[in-house]
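Student: I would like to learn how to read strands and a core from a coordinate file. Please take one example.

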Amino acid sequence: MTSPVRRSALLLAFGLAAGCVAPAALPPPFPTTSARADGKRAAFASEPYRWRNAAIVGGGFVTGILFHPKEKDLVYARTDVGGAYRWDAKGKRWTPLTDEFGLDSWNFTGIESFAVDPNDPERVYLAVGTYTNDWAGNGAILRSADRGRTWRKTDLPFKNGGNQDGRSNGERLAVDPNRGDVLFFGTRNQGLWNSSDRGGTWKPVPGFPEVATSDASTSGSGQWKWPVGIVFVEFLPGSGKRGQPTPTLYAGVSTKETSLYRSDDGGATWKAVFGQPTGLRPSHAAFSAGAMYVSYGDGPGPNGVTDGAVWKLDLKSGAWTDVTPVKPAEGDRFGYGGVTADARRPGTLMASTIDRWTRGDTLFRSTDGGKTWSDLGPKSVRDSRAAPYLRWGKPAADLGHWIGDIDIDPHDSDRVLYVTGATIWASRDVTAADRGGATHWYVGAEGLEETVVEEVVSPPSGAPLLSGMRDIDGFRHEDLTVSPRTGSFWPNHNHTTSIDFAERDPSLVARVHGGNNTHGSYSRDNGRTWTLFGGEPTGSRGDGVIAVSADGAAFVWTPNGAAPHVSRDRGATWAACAGLDPRTRVVVSDRVNPRRFYAYDRQEGAVFASADAGATFAPAARGLPG
């Protein structure tokens with residue numbers, strides 16, 4: 001008997017690589033003719049595939065927002081692993097700009113920074129590169145003269161870190177407002193670089209201090225110690241004149257020592273700004289009414305920030321003033337992520353907290369240059385219908401976590417966008433706060449899909465799609481065009497690494513996941529509700545891969561830290577599978593015969609088969625690739 005095709009195959013082919021995105025149609029899956037009994041070829045119709053997103057709406061860390069200063073509704077967003085996007089005002093959704101980069105260019109999905117030419121709305125630039133680790137490739141500068149529809153690439157001789165500490169700082173990349181062919185880029189460990197041909201070629205700026213290339217600007221992330229380097233480059237508004245390089249610009253370096261530098265000769269030489277605060281790392285800068293505002297944290301974020309501030313620099317007198325909205329204190333530790341100024345209302349500012357885990361992150365607003373601030377959180381009204389998972393099991397969504405950037409629309413004082421670790425929130429009435437009123441926020445991430453998909457399956461009945469994901473666990477999609485109304489799997493266990501169902505009884509589903517629990521659970525209603533396993537294999541660290549027999553009577557789980565084990569009581573007890581090397585990582589179930597499982601030993605290049613529902617395995621084929 002021929003086993004039925006498991007419906008996960010087509011979904012998984014693109015889901016793992018690009019968060020359920022496949023931008024191009026594929027050729028028909030079958031030939032357009034077939035053989036007849038008389039030997040002639042009979043034509044039959046075939047339908048080409050049409051690939052679209054299975055909607056989550058967000059799902060990952062959106063690390064920056066960028067409004068064009070001259071053209072209304074021209075807005076860009078960048079993410080840490082999901083590429084860059086441009087806002088489609090007519091369609092009211094984000095258009096992906098980097099989906100053309102496939103598996104061979106996976107490193108380009110992490111966007112380190114971006115910039116626009118203030119005088120040419122067609123031109124946009126991306127600094128791409130996801131990691132600075134040895135195993136990652138070098139970064140690149142992507143430049144476009146048609147708003148990101150097409151790109152030209154300049155390879156860089158160093159790495160970028162779009163998914164590393166400090167990824168929501170910025171912007172590192174800047175275009176000279178007086179000379180659009182001049183750009184600067186602040187790197188993580190190679191100092192300041194400059195281009196004079198619209199990003200076509202780049203060279204280091206020898207006059208920038210060595211602090212930007214030293215280990216003093218690194219931050220511990222738990223597993224690695226990643227460089228952070230120069231986190232923003234800002235041209236002083238009104239400095240210089242059109243057609244000549246802007247003379248005055250500032251650069252912030254992620255160090256607790258001297259961190260803010262100024263150049264008055266177009267970036268050739270740099271000096272530390274006098275009187276600046278120390279002990280914290282800069283994150284963002286904004287200009288308003290003759291002053292520069294800088295947000296700070298004791299770490300670059302997005303995690304591990306326990307102290308912070310907002311400081312004001314009077315550009316005429318050089319005097320610094322601490323304008324921090326609320327000081328972090330014992331029991332309420334946090335830093336400040338984004339700071340932004342209203343281009344239409346001098347002295348109007350907004351700032352965001354980051355890592356305020358005890359009380360929840362919030363937004364502050366000032367209309368008097370930072371003298372006084374109002375907390376928008378208590379009167380914030382939030383509409384999460386576009387992405388119900390953002391409620392995280394609560395009656396309503398909160399402001400979100402990792403608020404690393406916030407931006408006021410330079411063309412509309414009421415419009416504000418800010419980023420979180422899972423989405424973009426937007427408001428169209430933020431000035432109501434100035435009158436003591438409530439501000440209303442909605443999910444502004446439609447079209448932006450940035451999930452790290454571990455596995456997807458499609459049962460023959462019930463929901464057409466069940467998924468396992470990093471960070472947001474997974475989803476049961478009854479309608480692929482909208483984010484599931486019930487949110488993510490609940491209880492939520494942070495991430496699901498594997499999910500499977502019983503082919504003969506698709507109501508029975510099992511998944512394995514992280515979190516402080518027994519690391520696995522099963523469902524008897526096709527993924528609507530879940531029950532934790534009662535136990536787990538000895539030595540298990542959770543995660544791994546799970547396979548469910550065709551009748552659902554047996555689960556075979558290969559968790560991290562343990563060999564494959566089988567359970568016949570839905571995860572209450574587990575027994576090691578005999579005949580398998582403990583290093584075996586891949587086990588799957590036969591989709592027809594409930595007694596059969598198959599395992600692949602990558603070390604031996606061998607397939608092993610079980611005919612007793614996973615209790616024992618015997619060699620079935622050898623000599624396959626490792």
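Student: Which residue in β19 does A251 stand opposite?

Tutor: First, the basis: this is a predicted model, where local features need pLDDT of at least 70, side-chain atom pairs count only at pLDDT 80 or more, and totals for chains, interfaces and linings use all residues. Residues are numbered from 1 along each chain as its sequence is written, and side-chain values use heavy atoms, with hydrogens and water left out. Strands of a sheet pair through backbone hydrogen bonds, either parallel or antiparallel. Here A251 stands opposite Y261 in β19. Strands are DSSP runs of E, at least two residues, numbered from the N terminus, and two of them pair if DSSP finds at least two bridges between them. β18 and β19 (residues 260-263) run antiparallel, joined by 4 bridges, and a hairpin of 6 residues connects them.

Student: What does β18 pair with over 5 bridges?

Tutor: Strand β17 (residues 230-235), also in the antiparallel sense; F235 in that strand is opposite L249.

Student: Which way do the residues of β18 point?

Tutor: In a regular strand the side chains alternate between the two faces of the sheet. L249, A251 and V253 point one way, Y250 and G252 the other. In β18 (residues 249-253), 5 of 5 residues are buried, meaning under 20% relative accessible area with a 1.4 Å probe, protein chains only.

Student: Which residues touch the most other members of the largest nonpolar core?

Tutor: A nonpolar core is a set of buried Ala, Val, Leu, Ile, Met, Phe, Trp, Tyr and Cys residues joined through side-chain atoms within 4.5 Å. Among its 44 residues, the answer is W94, L363 and I424. Strand β31 (residues 416-419) contributes the largest share, 4 residues.

Key:
Buried < 20%, exposed > 50% of the residue type's maximum accessible area, 1.4 Å probe, protein only.
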